[in-house]
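Hi there,

Here is the structure I promised to pass on to you. Have a look at it first, and then read my notes below.

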Amino acid sequence: MRFGPGAIAVLFGCVQIPGASQASTVPEFIDLARDADIVVLGEVHDNPAHHANQAEIVAALEPDALVFEMIPQADEEAVNKLRANGAGEGEVAAALDWERSGWPAFDFYWNILAAAPRAQIFGAEQPRSDVRRATIEGAAGAFGPDASNYGLDRPLPAAEQRFREAEQAAAHCDALPPQMLPGLVEAQRFRDASLADATIWARTMTGGGQVVVITGSGHADKVRGMPALVGHAQPGLSIVTLGQFEQDPGNAEDYDALLLAPAPPREDPCAQLRQERRSAENPP
């Protein structure tokens, strides 16, 4: 990845801002996050209310850098050049081939970009081939020689492994065969490490400036997600996390703040997965 082996000290834990506590409104969260080194803003990817909150927070904080889970690392330079030249939403979306990316409508993310016109943009999305490799070889194999910086070279404790496999099962509508779950856990660890790596790189490239990370709320979990891996690699950074959900996730304590917004109209996300499993179990 972006740092060579041994470039970062390894020590578990991340430091929260002294006095940090749950915030229940966007203004309260802005006050909580204003002096943080890193601010992680979770989302349900297709929820417009979550993106509106992110844009409001970014506009208020005016961070030096924005890290996006959705922007490929390979495309960040192009995005920064386009922004520097005054490119509009359509030009940036076309450069990212957004229509074929699989992410929700680009205007959700354009509004966040527009809220911080002077921020440097960093991408954390990795090639799908690398994510698939993580499911087969493990997160460390896909990440490469820097894996130990983020603890990927160590297996999860058995209880933690079972917990994360259960999370993956629930996230996939309990429609996947159990043998797939360990690979999905490794893919999640790989994505978390990629986000952490991009965030630390953004801090370096902006001379220690404030970094805001835009990502799914699962990655924003400060106990198991990307913030924990940042703390593993660079202890001492102040990190504030926001989880955004559509109902109580049951682990509010794993975020510095939790905001809920109603779900937008959408098709049942589980229907296709369940149909695929039925077809696999009952071939014609």
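A polar contact is a pair of N or O atoms within 3.5 Å; within protein, one must be able to donate a hydrogen and the other to accept it, and residues adjacent in sequence count only if both atoms are side-chain atoms. Please keep in mind that this is a predicted model, where local features need pLDDT of at least 70, side-chain atom pairs count only at pLDDT 80 or more, and totals for chains, interfaces and linings use all residues. Residues are numbered from 1 along each chain as its sequence is written, and side-chain values use heavy atoms, without hydrogens and water.

Let's start with H51. Its side chain and that of Q54 are joined by a polar contact of 3.0 Å. The H51 side chain also reaches the backbone oxygen of H45, at 2.7 Å. You will find H51 in helix α2, residues 48–61 (helices are DSSP runs of H or I, at least four residues, and strands are runs of E, at least two, numbered from the N terminus). With a relative accessible area of 3%, H51 is buried (buried is under 20%, exposed over 50%, partly exposed in between, with a 1.4 Å probe and protein chains only).

Next comes helix α3, residues 76–84, where E76, V79 and R83 are buried. They lie on the same side of α3, because they cover an arc of only 60° around the axis (taken from the directions from the helix axis to the C-beta atoms). E77, K81 and A84, on the other side of α3, are exposed. After α3 comes G86, with a positive phi near 80°.

Enjoy exploring!
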